[in-house]
Each structure stands twice: as C-alpha cells, then as structure tokens.
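Dear colleague,

Please find below the structure I promised to hand over.

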Amino acid sequence: MDTNGKSRHSSYVLPACPVEATLELIGGKWKGIVLFYLLDGRLRFSELKRKIGCVTQRMLTKQLRELEDVGLINRIVYAEVPPRVEYELTEEGKSLEPILYALKAWGEAHALPLLKNRELAIAEEDGGGR
C-alpha cells in the first residue's frame, strides 16, 4: 500500500505480480520488522516499540493498522484500566515465517557486509579529501 492507503495497481496480471502484491502487503519501513518480532508470539505495543527502537509511535500505529487491515496480524484489546493492547500474527501472517527467516539469513550473509562496505567507502571519501 502507498502512504495514502491506496494500492499501487488495481490488477496484478504481470509475470512479477505475485512479488509485487506481496511487497505491497508487507512493504514499508517497519512492517517486516514487526512481523519478524511477532513470530515469537503476542507482544504489547510498548514491547514492539521498544524492540524496534527508532520508530515513532505514530508510524508504528500506522504500520500495525495496515497489517491488521490486510489480515496479517490481530489486534487484541483487553478491557482493563489502563487499556492493554496486544498484537499477534494471524494464520496468514504465520505463513510468512519461512520468508522472514530467509530474509534474515540473506541479510546476515549479504546485506550486512554490503552495508559495511558502503559505510567504509563513504568514510574513505570523507577522509580521502583531507
């Protein structure tokens, strides 16, 4: 989904459409991270925010609502004072487990080294002109 809540396309008929459709549902800066943390079970909003770290409350709320709207997570509200809200994966959300673990493995093997190399290159450029 786009930031305005609308789908990018009205139809997915191209050869790459399943990939694009999946990325539309789980794409976004924080959605994959939220889904990954929920693999371990239910979490309260504050626990998710603490695990993620640098996300704003507003953005996390937005991402959680979008994941709930598409049916990947459930929001459980407890009638307590103060109110307690927990999030968990739906069965559809749980079906993403192998994909999320594959992304984690690829990130460890490839993304982290690529980012480290990029940081080194930037540092050399900054220090190289002195």
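Predicted model: local features only at pLDDT ≥ 70, side-chain atom pairs only at ≥ 80, totals over all residues.

Three strands form an open sheet, arranged in the order β1-β3-β2, with antiparallel pairing. The edges are held by β1 (43-44) and β2 (73-78); each has a single partner strand, so one side of each is left without a neighbour in the sheet. Between β2 and β3 (residues 84-89), the antiparallel pairing runs over 6 bridges. Within this pairing, isoleucine 73 has leucine 89 in β3 as its bridge partner. Helix α2 (residues 31-38) packs on the sheet and touches β1, β2 and β3. The direction of α2 makes about 90 degrees with that of β3.

The largest pocket. The space in this pocket amounts to about 300 Å³. Its lining consists of Leu23, Ile26, Gly27, Gly28, Lys29, Gly32, Ile33, Phe36, Tyr37, Leu100, Leu103 and Lys104. The elements that each contribute two or more residues to this lining are α1 (17-26), α2 and α6 (97-128). Which element provides the largest share of the lining? That element is α2, with 4 residues. Sorted by class, the lining has 7 nonpolar, 3 polar and 2 charged residues.

With kind regards

Terms used: Residues numbered from 1 in each chain as written. Heavy atoms only, no water. Pairing = 2+ DSSP bridges. Contact = heavy atoms within 4.5 Å. Axes fitted to C-alpha atoms, helices over the stretch in contact; angles between N-to-C directions. 1 Å grid on protein atoms, 1.4 Å probe; cavity = no way out; pocket = protein on both sides within 12 Å on 5 of 7 lines; lining within 4 Å. Points joined across faces, edges and corners; volume = space filled by probe spheres on them. Nonpolar A, V, L, I, M, F, W, Y, C, P; charged D, E, K, R; others polar.
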